[in-house]
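Hi everyone, thanks for making time.

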Amino acid sequence: MTFHIVTVFPELIEPYLKGSIVGRGVSSRLVKIKIYNLRDFTRDRHRKIDDKPYGGGPGMVISVEPLALALKQILKGKSKSKTKVIITAPAGKQFNSQTARSLASRYEDVVIIAGRYEGLDERIVKILKSKNGFDAKAEEISVGPYVLTGGELPALVIIDAIMRHIDGVLGKAESLEEKRLGVGIPAYTRPENFRFLEKNYKVPRPLLSGNHKKIEAWRRKNRKIG
């Protein structure tokens, strides 16, 4: 799978992509990640990518032209059925593990437009979905019921969540919490007994029993998400 990230601030994204599981997935060539600086698709000498909103109001809006030119380059030659375009937006569809799993299994290219400022010129959404435009599978997605200053963090969240479902990225399929007992399973490690401020904190006894049925039953009973 190849991820394509369109952003005004590539320097916010690059460091995370080089570390941990994401970096390992890239270095092992299980995934590719391409970053596109939106300013590279401007036509004026100031590389301006935003302007004041029509109708008045505070803030700036990302202009339609550099977005259209960037998408024209990214989508050229891509399979429409195997390419998904995501716009990070607070009002978008709520992102979850089921969505991440579906994207990992259905698409070869995932394009993420990191929103900024007061948002994107709405015409880019129409161009993406129009048969006279890109005729692409495009969707606005939110990573939570809150507003951030930009779409770079949501883009990284989406990539991280999708990558976990790509074969080989985590090493073993059973590393996926979702394929075991679900998320929110309490975990413990050495020491067995931790004394702190005159109080003992012990590992629950079922986890020390060696009885796999008892361990699984305890974990099911105590998971934080049902």
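**A walk from the helix to the loops**

Let's start with helix α6: 9 of its 12 residues are buried, so the rest of the structure largely encloses it. Before I go on, please keep in mind that this is a predicted model.

Which residues of α6 are the buried ones? They are Glu152, Pro154, Ala155, Leu156, Ile158, Ile159, Ala161, Ile162 and Met163. With 12 residues at 1.5 Å a residue, α6 should span 16 Å, and its end C-alpha atoms sit 17 Å apart, which agrees.

Now let's zoom in on one residue of that helix, Glu152. Is Glu152 buried or exposed? Its relative accessible area is 4%, and the cut-off for buried is under 20%, so Glu152 counts as buried. What does its side chain make a polar contact with? The partner is the side chain of Arg116, at 3.0 Å. If we skip the neighbours within four places in sequence, Glu152 is also in contact with Thr7, Val8, Phe9, Leu12, Ile13 and Ala114, along with Arg116 again.

Next, the loops. Follow the chain out of α6 and you come to the loop that runs between this helix and β8, where Pro191 has its place. Have a look at the peptide bond joining Arg190 and Pro191: that one is cis, with omega at about 5 degrees.

Leu197 isn't a glycine, yet it has a positive phi of about 50 degrees. With a relative accessible area of 72%, Leu197 is exposed.

Arg47 is another residue other than glycine with a positive phi, this time near 55 degrees. You'll find Arg47 in the loop between β2 and β3. At 35% relative accessibility, Arg47 counts as partly exposed.

One last stop: Gly133, in the loop between α5 and β7. Gly133 is partly exposed too, with a relative accessible area of 37%. How many Å apart in space are Gly133 and Phe196, C-alpha to C-alpha? The answer is 64 Å, for two residues that are 63 residues apart in sequence.

That's the tour. I'm happy to go back to any of these spots on the screen.

Notes:
Residues are numbered from 1 along each chain as its sequence is written. This is a predicted model: local features need pLDDT of at least 70, side-chain atom pairs count only at pLDDT 80 or more; totals for chains, interfaces and linings use all residues. Side-chain values use heavy atoms; hydrogens and water are left out. Helices (H or I, at least four residues) and strands (E, at least two) are DSSP runs, numbered from the N terminus. Buried means under 20% relative accessible area, exposed over 50%, partly exposed in between (1.4 Å probe, protein chains only). A polar contact is a pair of N or O atoms within 3.5 Å; within protein, one must be able to donate a hydrogen and the other to accept it, and residues adjacent in sequence count only if both atoms are side-chain atoms. Contact means heavy atoms within 4.5 Å. The expected span of a helix is 1.5 Å times one less than its number of residues.
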